[in-house]
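Subject: Structure handover

Hello,

Here is the structure we spoke about, with its sequence. My notes on what was found in it follow below.

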Amino acid sequence: MMSKLIEQKQLSKKRLPNHRWQIYSENPDLARELAKTTNLPPVLAQVLINRGIETPEAAEEFINPDSLVLPLPIAEFPDLAKSVELLHCSIAAGRKIAICGDYDADGMTSTALLLRALRSLGATVDYAIPSRMKDGYGINVRIVEEFYQEGVSLILTVDNGISAVEPVKRARELGLDVIVTDHHEVPKEIPPATAILNPKLIREESPYRGVAGVGVAYILAVSLAQAMGKAQPLIKPMRELLTLGTIADLAPLTGVNRRWVKWGLRQLPKSELAGIQALIQISGADGNGAGSKAMKPDEIGFRLGPRINAIGRIGDPQTVIELLTTDDLAVALERAMQCEAINQTRQQMCQDIELEAIALIEEQQLDLKRDRVLVLLQPPDCEQPIWHHGVIGIVASRLVERYGVPVFICTYEDPQRKQVRGSARGIPEFDVFEALQFCHSLLHKYGGHRAAGGFSLCADLVPEFHACLRMFANRCLELSHLKPLIEIDARLDFEQINLDFYRQIDALEPCGISNPAPVFWTPNVQVREQRIVGKGHIKLTLTTEQSYCEMKAIAWRWGDYSPLPSVVDIAYKLKENTWNGQTNVELELVSARYREPVPGGSPKDIPSSTTVPDSQPSGLKILNPEPPLVEQQPLWLQGQAIRGSDPLRGMVDLLPKLQGKILWYGANKPEITPGTIARDNNHCQIICDRPTETCDTFLLWTLPPSGSHLKWLLAKGKPRQVYLYNHVPQLPTADQLRSRLQAYIQEFPHEPLNLLLMGQRWWVAPSTLIATLRELGYPCPNFPKSYGLEQEIERLNRWYGFTAAKLAQISW
C-alpha cells in the first residue's frame with residue numbers, strides 16, 4: 001500500500017508551488033527617514049513600514065518594547081481584583097484549589113505556570129486535564145464532580161471555560177467558586193462563574209488584548225504574588241513558561257506579548273528550570289546561552305513546541321506537567337525523552353496520513369476549482385489504521401499548503417465507523433468558524449475560530465456536509481483566492497546579503513504571528529545545483545546573472561517540485577547556518593515563480609530536464625479556423641445546476657415540455673435515459689455533442705471551451721433557446737498541458753495543429769494552447785499576445801462560470 005502511495009505522490013508532482021505573490025509597495029522617502037532614526041538599512045526600514053510602523057516614536061517602541069508604558073492589568077481586567085482576593089483568601093484559609101487545564105501547549109504551560117506559582121505561594125493545589133480521546137476540549141461535569149468529592153473549594157480553568165456553561169453551573173450548585181481564565185472567543189451565553197478573566201472582554205485597544213491562555217494565567221499569578229509581596233523570585237521562571245506557551249500557541253507577537261516574549265527569549269537559553277533545560281538538550285535547540293544570544297521563536301515553534309504538543313495530541317499531558325514543574329533534572333530528562341519518543345511517533349503518523357490523503361485526493365480527481373474546499377474521510381473499507389484525530393489538524397495544515405483550499409479532514413471515532421470527528425484549517429479569505437456555523441444542522445458539536453476548527457457528525461452525513469461547505473466556499477471565495485498568498489516585503493540583491501545584514505534583522509525580533517519574519521525576493525535567479533536531501537527537501541546553489549555571488553538555499557518539503565527550473569524568481573527568508581565552525585547566511589525558500597516572461601517566451605524558462613524541440617517556429621503549422629456568422633441570436637436561459645447523486649433531477653420537469661431536436665452537449669455530461677423524458681412526449685429527439693442539423697434547443701451541461709467554439713455551435717445548430725447549467729470540466733493542469741502538447745508535436749511533427757479540435761479534446765481555449773506553445777519555446781508571432789499559462793487557465797475557469805444573463809448581453 002505504501003509503495004502505491006509513494007507512486008501516487010510521484011505522479012502528482014507539480015512544476016512550481018501554486019502561489020500568488022503580493023509585493024508591498026515601496027516608500028523610499030519614508031524608509032530613508034526611518035533608517036536614519038533606527039540605524040537600520042533602508043530595506044529593513046521598509047519592512048517596518050510594511051508592519052504599519054511609520055513614525056520614529058512607533059519604531060522606537062517596536063524595536064525596544066521595554067519602553068512601552070503599560071497600564072496596570074488590574075485596571076484592564078474587571079474581575080482581576082476579585083480573582084486575586086479569592087485566591088489569597090483560599091491560600092490563607094488552607095482551602096483546596098484545583099486547576100482544569102487543556103491538552104495543547106498553551107493549556108499545559110498555563111497549568112504548569114499556575115501550579116508552580118500557587119505552590120510557591122503556599123497553596124494546596126492539584127490539577128486535571130481532560131482526555132483528548134475520552135472527554136474532548138474543556139472542563140466538564142465529571143471533572144467538576146470529582147473535584148467536589150476531593151474537597152476542592154475553588155476551581156481555576158486555564159485556556160478553557162468561557163463556553164462551559166453547564167459544568168460551571170454544576171460547580172456553583174455544589175457551592176464551589178470558579179475563576180475562568182481563557183482567551184477564546186466569547187459566546188452569546190457565558191458561564192455563571194465567580195470571576196472571568198478573558199482578554200476578549202476588555203477594550204479592543206488594550207495592549208493585553210492579544211495574550212494567550214498562558215498570558216492570562218501569568219497576569220493572574222503575578223498579580224497574586226504582588227498582592228502577597230512575593231513576586232520577585234517567581235517572575236523569571238513564570239516568564240519562561242509564558243514565552244514557551246505564547247509562541248507555541250501562535251499568539252500575536254505584538255503589544256505586551258512582544259515585550260514579554262523578547263525578555264523570555266533572552267532568558268530561555270540559560271534557564272534554571274530543569275524541564276526547559278532537558279527539553280533544550282533533547283531537542284537540539286540553540287540553548288547554549290553563549291554571551292547574550294537570545295533564542296529565536298523558530299526554536300520554540302519547530303523544536304520545543306512540537307515535543308510538548310505531541311504529548312497533548314497522542315500522549316498523556318501529565319508527562320508535560322511533570323516535566324515543567326519538577327526541579328529534579330533526572331526526572332526532567334526522563335520526561336523530555338518521553339516527549340521526544342512521542343513526537344517521533346507523531347511525525348510518522350502525520351507522514352503516513354498525509355501520503356494516504358494525497359493518494360486519495362489524486363485517485364478521486366477532485367475538482368478543487370469548482371468545489372473550492374477539500375473534505376476528506378478515510379474510506380470505511382480501508383485496511384490502513386484509522387487516522388488519529390490528535391494529528392489530523394497538522395495534516396490539514398499541510399494539505400492547505402499543498403492545494404491552496406480550506407481543508408476539512410475527518411476520521412472515525414468508533415470501531416463501527418459510524419461517527420466521525422474532524423479538524424479544519426482555512427485560508428485568509430475563508431472563515432472556518434462561520435463555515436461550521438453555516439453547516440450547524442448537520443453537526444453534533446463544533447468550535448474554533450477564523451483560521452481553524454473542530455467538529456463531529458455522523459459518517460453518513462459527510463457527503464451532505466461536503467455539499468454544504470461547497471456552497472459556503474463558492475459564496476466567499478474567488479478562484480484567485482485558491483492560491484496561497486505570499487506577502488513579500490522588499491527586493492534584495494545577493495550582494496546585500498551578509499552576516500552583518502542578517503544580524504541587523506534581529507532588531508525586528510521576535511518574529512511570528514502578526515509580526516512575520518521579513519520575506520525578500522530576487523528576480524532572475526539561476527539554479528546552479530540542486531539535490532534532494534532528507535525527507536523531500538531541496539538543497540540548492542543559486543546565483544544571478546548580475547552577480548558572481550553564490551548563495552546556498554534550502555526549500556523545505558519541495559521534493560514534489562524537483563527539479564526546479566534553471567531560472568526563476570524566488571521569495572525567501574534568511575537563516576543563519578553554522579557548520580564546522582563557519583557561520584554563513586542561507587536562504588530559506590518560501591516560494592518561486594517563473595521569471596517575468598519576455599515577449600514570445602524563452603526556452604530558458606523551461607526546467608533543465610525538459611527538452612525544447614529543435615524545430616523552428618515556422619516548422620509548426622497552426623490552424624485556427626474562423627467560425628461562421630451566427631445568423632440567429634438565441635434566448636439564453638439559466639438551467640438549475642444540481643450536484644450529487646442525481647444531477648439530472650433539475651431536468652425531469654423541463655425535458656417533457658421541450659419539442660423538436662435538442663442538442664445535449666458538455667464535458668462529462670451524464671447520460672439522458674429514456675426514463676428522463678416523459679413517455680407521452682413523442683416530439684422530442686436528443687442529439688449529442690455536435691449539431692448535424694438545426695436544433696430547437698441547446699442543453700449545455702458546460703459551456704464550450706471558448707467563444708469561438710460557441711460560435712461554431714450556434715452557427716451550425718441555430719437554436720431558438722439555450723439552457724445553460726454552468727458545470728465546470730475537469731481541466732488539465734499547466735504541467736499536463738505542456739506535457740500533452742509537447743508529446744503531440746513530437747509524435748506528429750508534420751501535422752498541422754488545429755487549435756479548435758485540440759481545444760475541444762482537452763476543453764481549453766485556443767488562447768490557452770497558444771500560451772502553452774509559447775512556454776514551450778514557440779513564439780507564435782501571428783497570434784495575439786497571451787497571458788501566462790496559469791493566468792490563461794484561470795481565465796478559462798472564469799469563462800466556464802459565465803451565466804446565461806451575461807452571455808445574453810454578447811452579440812454572437
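Strand S2 (residues 96-100) and S4 are joined by five bridges and run parallel. In this pairing, Lys96 stands opposite Val152 of S4. Please keep in mind throughout that this is a predicted model.

S4 itself covers residues 152-158 and is mostly covered, with seven of its seven residues buried. Five bridges also link S4 to strand S5 (residues 177-181), and these two strands run parallel as well. Between S4 and S5 the chain passes through helix H9 (residues 165-173), making a β-α-β crossover that is right-handed.

Which strands make it up, and in what order? Five strands form this open sheet, in the order S20-S24-S23-S21-S22, with parallel pairing. Strand S20 (635-638) and strand S22 (684-688) are at the edges and have a single partner strand each, so one side of each is left without a neighbour in the sheet. On average, and with direction ignored, neighbouring strands of this sheet are turned by 20° against each other.

Strand S21 (residues 660-665) is joined to S22 by five bridges, the two strands running parallel. The bridge partner of Trp664 is Cys688 in S22. Helix H22 packs on the sheet, where it touches S20, S21, strand S23 (697-700) and strand S24 (721-724). The direction of H22 makes about 155° with that of S23.

H22 also meets another helix. In general, two packed helices are described by the angle between their axes and the distance between the axes. For helix H22 (residues 707-717) and helix H24 (residues 755-762), the axes come within 10 Å and cross at roughly 100°. Angles of 65 to 115 degrees count as roughly perpendicular, and H22 and H24 are therefore roughly perpendicular to each other.

Which residues make the contact between H22 and H24? On the H22 side they are Ser708, His709 and Trp712, and on the H24 side Leu756, Gly759 and Gln760. Sorted by class, this contact of H22 with H24 has two nonpolar residues, four polar residues and no charged residues.

Regards

Methods:
Residues numbered from 1 in each chain as written. Predicted model: local features only at pLDDT ≥ 70, side-chain atom pairs only at ≥ 80, totals over all residues. Heavy atoms only, no water. Axes fitted to C-alpha atoms, helices over the stretch in contact; angles between N-to-C directions. Helix = DSSP H or I, 4+ residues; strand = E, 2+ residues; numbered from the N terminus. Parallel < 35°, antiparallel > 145°, perpendicular 65-115°, else oblique. Contact = heavy atoms within 4.5 Å. Nonpolar A, V, L, I, M, F, W, Y, C, P; charged D, E, K, R; others polar. Pairing = 2+ DSSP bridges. Buried < 20%, exposed > 50% of the residue type's maximum accessible area, 1.4 Å probe, protein only. Right-handed = clockwise from strand over helix to strand, strands pointing away.
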